[in-house]
Amino acid sequence: MSSAECVLEEEETLVVEMEVEHRRQYGSVQIGSVLFTDRRAVFSYQSNGAWTQFGEADLSAEPFAQYVDGELRAVFIPATDSDAVLQLRSDYIADSTEVG
């Protein structure tokens, strides 16, 4: 099951979902997810087979996802929201590194 199904609120539109993977010597496994909706950035992780929300940041405007040849290349967020999203990302990476 996608983490989007667990965290999307009513009337909220999913812009993009990005998997967070732990790379191993022979392959990788999904350990989390980062969602950008029309209103929020949501960071989640998997724990015992269930999705748990790590944190979220409200967005002042809808982000834009850029695709090249059908592959996600970038997600552009409003400049006014960048500090909150970057801090959340830093905390998420630090927490994921400790667990990994």
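**Pocket.** I started with the largest pocket and listed its lining: 16 residues, with M18, V34, F36, F43 and R89 nearest the centre. This is a predicted model, so I kept in mind that local features need pLDDT of at least 70, that side-chain atom pairs count only at pLDDT 80 or more, and that totals for chains, interfaces and linings use all residues. Numbering runs from 1 along each chain as its sequence is written, and side-chain values use heavy atoms, with hydrogens and water left out.

For the record, a pocket here is an open set of points on a 1 Å grid over the protein atoms alone, where a 1.4 Å probe fits, with protein on both sides within 12 Å along at least five of seven lines; lining residues have an atom within 4 Å of a point. I got about 370 Å³ for the space in the largest pocket, a volume being the space filled by probe spheres set on the points, which are joined across faces, edges and corners.

Which elements supply at least two residues each of the lining? I found β1 (14-24), β2 (27-37) and α2 (82-99). The largest share comes from α2, with six residues. Helices (H or I, at least four residues) and strands (E, at least two) are DSSP runs, numbered from the N terminus.

By type, I sorted the lining into 11 nonpolar residues, one polar and four charged. The classes: Ala, Val, Leu, Ile, Met, Phe, Trp, Tyr, Cys and Pro are nonpolar, Asp, Glu, Lys and Arg charged, and the others, Gly among them, polar.

**Salt bridges.** Next I searched the whole structure for salt bridges (a side-chain nitrogen of Lys or Arg within 4 Å of a carboxyl oxygen of Asp or Glu) and got three. They link E9, E12, R40 and E56 in a network.

- E9 and R40 meet at 3.7 Å, N to O. E9 is in the loop between α1 (3-7) and β1, while R40 is in strand β3 (residues 40-47), 31 residues apart.
- R40 and E12 meet at 2.8 Å, N to O. E12 is in the loop between α1 and β1 and R40 in β3, so this pair ties together parts 28 residues apart in sequence.
- E56 and R40 have their closest N and O atoms 2.8 Å apart. E56 sits in strand β4 (residues 50-58), so its pairing with R40 in β3 ties together parts 16 residues apart in sequence.

Then I checked accessibility (buried is under 20% relative accessible area, exposed over 50%, partly exposed in between; 1.4 Å probe, protein chains only). R40 counts as buried at 4%, and E12 does too at 9%. E9 is partly exposed at 42%, and E56 is partly exposed at 36%.

**Core.** What makes up the largest nonpolar core? I noted 12 residues: V16, V20, V34, F36, A41, F43, A57, L59, A65, V85, L88 and Y92. β1, β2, β3 and α2 each give two or more residues to this core, and α2 gives the most, three. Such a core is a set of buried Ala, Val, Leu, Ile, Met, Phe, Trp, Tyr and Cys residues joined through side-chain atoms within 4.5 Å.

I also looked at who touches A65. Leaving aside neighbours within four places in sequence, A65 is in contact (heavy atoms within 4.5 Å) with V15, V16, L72, A74 and V75.

**L35.** Last, I looked up L35 in strand β2. L35 is buried, at 0% relative accessible area. L35 and V16 are 19 residues apart in sequence, yet 5.9 Å apart in space, C-alpha to C-alpha.
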